[in-house]
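Subject: Structure handover

Hello,

The structure you asked about is shown below. My notes on what was found in it follow.

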Amino acid sequence: MKIMLHRYRLRVRTLAVVTALALAAPLAGAGDVAVEATRNAASVQDLLRAADEARGNVEGIAWNVTIETVDQQRVTDTLVYDIKARGFNIAGISQAPAKYKGNKLLMLNTSMWFYKQGLSKPVPVSQRQKLMGDASYGDIASTNYADNYDASELPDELVGGEECRVFDLKARSDKQTYDSIRYWVSKKRQVGIRAEYFTVSGKKFKSATMDYDNVVQLEGHKRPFLSRIVMQGELMNGTVTYLNLRQPRIAPLPDHVFDLNLFMR
């Protein structure tokens, strides 16, 4: 009798433990899912910030950008700018052709202005406005996809044999250069290597590939830096726009470079 009672009590205790574990399991699983989601969100932001950095988001950098429109393998237009950037503030001065030399662009966060000799004051321009070919004014600026777009992750893909994470980016305001972007970021190099651009209605109108043959020194480490963007409109009419970025130079930039009141001087 005592043995049977002991076995009964043991079964009850065992059942209680199993029940407690079963009840706790879903809660632990939900917690794990929440933690994993938080980790993924953080890694998405970190990866986009690293990709932004490789496209100009640093505390003081200058480079030369040559924009070329090629039609049927023949260069039809060329525009050269000297660009200075600090974070997402951009100051650019046109160097060529001669008729545009001295024209200026200034971008402070999401606002942009154009100025040339003879104007009484800077003219506000949209980042979406065409600069030349398939390149918009916003394309010669550094990107801020990490902060200015909401990102959702799509299945990974290979691009040119390189493993990439793929993001669907939605602009948080209509001041951004593009409403929606599908963005391929190299897992290994942490740089954006392909993008497709969509209207707010979801229509694709342009695609781009990015090369990173430049190297800059950031915080004691060598970092690949954007060297070329190749853009092609969805019409595929044979016209291609190249943005070639040369001679990136890391250096502190004084405040007056980005002062709108001094912009016309």
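A residue is called buried under 20% relative accessible area, exposed over 50%, and partly exposed in between (1.4 Å probe, protein chains only). By that scale aspartate 255 is exposed, because its relative accessible area is 57%.

Before the rest, the ground rules. This is a predicted model, in which local features need pLDDT of at least 70, side-chain atom pairs count only at pLDDT 80 or more, and totals for chains, interfaces and linings use all residues. Residues are numbered from 1 along each chain as its sequence is written, and side-chain values use heavy atoms, with hydrogens and water left out.

Confidence

pLDDT is the predictor's confidence in each residue, from 0 to 100. The protein has a mean pLDDT of 83, and 84% of its residues reach 70 or more. Over residues 1-39 pLDDT stays under 50, and the model has zero contacts beyond four places in sequence for them. A contact here means heavy atoms within 4.5 Å.

Salt bridges

A salt bridge is a side-chain nitrogen of Lys or Arg within 4 Å of a carboxyl oxygen of Asp or Glu. The whole structure holds 18 salt bridges. Strands and helices below are DSSP runs numbered from the N terminus (helices H or I, at least four residues; strands E, at least two).

One of the salt bridges is between the side chains of aspartate 255 and arginine 86, at 3.0 Å from N to O. This pair links distant parts of the chain, 169 residues apart: aspartate 255 is in the segment after strand 17 (239-250), and arginine 86 is in strand 2 (residues 74-86). Arginine 86 counts as partly exposed because its relative accessibility is 21%.

Glutamate 234 and lysine 204 also meet through their side chains in a salt bridge, with 3.9 Å from N to O. Here too distant parts of the chain are linked, 30 residues apart, with glutamate 234 in the loop between strand 16 (228-233) and strand 17, and lysine 204 in strand 13 (residues 204-211). Salt bridges with shared partners join Arg182, Arg194, Glu196, Lys204 and Glu234 into one network. Glutamate 234 is partly exposed at 35% relative accessibility, and lysine 204 is partly exposed with a relative accessible area of 27%.

Lysine 187 sits in the loop between strand 11 (180-186) and strand 12 (192-198). Is lysine 187 buried, exposed or partly exposed? Lysine 187 counts as partly exposed, because its relative accessibility is 35%.

Which residues does lysine 187 touch, not counting those up to four places away in sequence? They are Asp156, Glu163, Cys164 and Arg165. With glutamate 163, lysine 187 forms a salt bridge in which the closest N and O atoms are 3.9 Å apart. That pair links distant parts of the chain, 24 residues apart, with glutamate 163 in strand 10 (residues 162-171). The side chains of lysine 187 and aspartate 156 are joined by a polar contact of 2.6 Å. A polar contact is a pair of N or O atoms within 3.5 Å; within protein, one must be able to donate a hydrogen and the other to accept it, and residues adjacent in sequence count only if both atoms are side-chain atoms.

The loop between strand 11 and strand 12 also holds glutamine 190. Glutamine 190 is not a glycine, yet its phi is positive, near 55°. Its relative accessible area is 35%, so glutamine 190 is partly exposed.

Other backbone points

Asparagine 109 has a positive phi of about 60° although it is not a glycine. Asparagine 109 is in the loop between strand 4 and strand 5 (111-115), and it counts as partly exposed at 46% relative accessibility. The peptide bond from alanine 96 to proline 97 is cis, with omega near 0°. Proline 97 lies in the loop between strand 3 and strand 4.

The largest pocket

On a 1 Å grid over the protein atoms alone, a pocket is an open set of points where a 1.4 Å probe fits, with protein on both sides within 12 Å along at least five of seven lines; lining residues have an atom within 4 Å of a point. Grid points are joined across faces, edges and corners, and a volume is the space filled by probe spheres set on the points. The largest pocket has about 250 Å³ of space. Its lining has 13 residues, and Ala91, Ile93, Lys104, His256 and Val257 lie nearest its centre. Strand 2, strand 3 (89-96) and strand 4 (104-108) are the elements that give two or more residues to this lining. Strand 3 gives the most, with three residues.

Regards
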